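Hi,

Here is the structure I promised to pass on.

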Amino acid sequence: MTATLGASARYRLDRLRVRHLRLLEIVGREGSLGAAARELGISQPAATLLLRELEEVFEAVLVDRDARGARLTPQGRGAMDRLAIAMSILDQAMEAAQAPGSIPTLRVGCVQMAGFTALPDALSRLLAADELAYTRIVEGESQGLLQALGAGELDCAVAWLDESIAAAVDLSRFSIEPLWSGQMRVFAAARHPLARRRQVSVGELARWPWVVPNPGSRTHAAFQRLFLNGGMAAPRPRLVCSSVHSGAHIVAGGSFLGIAPDTVVARYRDSLSLRPLRGDALLLAPARLSFFALKDAAAFEPVARFREAVRAAASPGRATGRL
């Protein structure tokens with residue numbers, strides 16, 4: 001980014017210290033210049049001077065002050081969104097300097113499905129090639145993972161990409177590489193009465209108890225969409241369970257219906273005797289699992305190596321299962 005700045009702008013940036021960035025962070029969090037001064041261990045006049053210097057560098061008013069305190073302006077919030085990444089990178093740099101040897105730490109976000117499909121194979125490939133960084137894996141929903149990636153809290157993420165993500169996250173900030181497509185499937189135990197039917201209607205699904213993931217998740221949204229496409233409101237689930245693994249085992253008990261990516265159903269088809277239900281009205285539009293990294297960090301060597309390993313593990317026929 002700084003490569004596009006003129007000499008004058010680069011000179012102004014060179015004047016900044018970490019304390020300037022911390023000031024803006026604390027004001028945004030605490031709503032007070034006095035609180036920022038106390039946390040930084042300086043006087044309030046000194047904090048005011050830091051703010052003035054910061055605004056001179058950015059050539060913008062970053063903080064509004066009045067009798068009630070201090071608040072970031074829209075320009076200040078925009079700057080802080082990006083500065084949060086810079087602060088996170090500084091923390092990573094300190095952690096890397098203190099890490100054993102010279103192996104960096106890689107922070108990976110992934111949706112649950114990636115955790116038992118391509119991810120184990122990718123990690124094995126890196127370990128066998130002696131290219132595995134110290135890796136911290138965080139599981140979560142796609143939107144939360146991408147927000148954490150945008151805030152500099154993760155280095156990369158394997159997450160779903162669909163219209164709901166595009167509406168909630170600024171995708172222009174990411175380098176995105178498609179991995180494979182997945183489709184949500186309604187499933188039941190093999191002995192469930194609906195599992196033997198050639199055509200199941202949405203109306204029939206409403207008569208059975210459901211186990212679904214938490215509201216706000218992509219899978220829960222698919223559950224809602226399934227019934228809305230059928231012209232009715234979704235029934236209230238009898239059970240909400242955040243783990244796809246536990247949900248699959250509960251459905252295998254015989255009474256519940258569930259909904260999950262097709263790879264999950266394929267993985268447990270034989271071991272738990274699960275079956276996808278058949279019916280034209282039960283087919284939902286596929287979504288694509290993708291690899292995400294911040295554009296500015298896509299060339300970070302551990303990220304690049306991890307991306308290549310995940311891409312190889314997700315090659316056709318490796319990451320999907322038989323339905």
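Strand E1 (residues 63-66) pairs with strand E2 (residues 69-72) in the antiparallel sense, over 4 bridges. Val63 has Leu72 in E2 as its bridge partner, and 2 residues sit between the strands of this hairpin. On terms: two strands pair if DSSP finds at least two bridges between them, while helices (H or I, at least four residues) and strands (E, at least two) are DSSP runs, numbered from the N terminus.

Before I go on, this is a predicted model, where local features need pLDDT of at least 70 and side-chain atom pairs count only at pLDDT 80 or more, though totals for chains, interfaces and linings use all residues. Residues are numbered from 1 along each chain as its sequence is written, and side-chain values use heavy atoms, with hydrogens and water left out.

Strand E7 (residues 184-189) and E11 run antiparallel, joined by 3 bridges, and Ala188 is opposite Arg275 in E11.

Now the aromatics. Rings of Phe, Tyr and Trp (its six-membered ring) pair if their centres lie within 6.5 Å, with planes under 30 degrees apart counted as stacked, over 60 as edge-to-face and the rest as tilted. By this rule there are 5 aromatic pairs. One of them is Phe174 with Phe292, edge-to-face at 6.1 Å centre to centre and 85° between the planes. Phe174 is in strand E6 (residues 174-182) and Phe292 in strand E12 (residues 287-294), so this pair ties together parts 118 residues apart in sequence. Phe174 is buried at 4% relative accessible area, and Phe292 is buried at 0% (buried means under 20% relative accessible area, exposed over 50%, partly exposed in between, with a 1.4 Å probe and protein chains only).

Trp210 and Phe223 have ring centres 5.0 Å apart and planes at 55°, so that pair is tilted. Trp210 and Phe223 are both buried, and ring pairs link Trp210, Phe223 and Phe227 into a cluster.

Cheers
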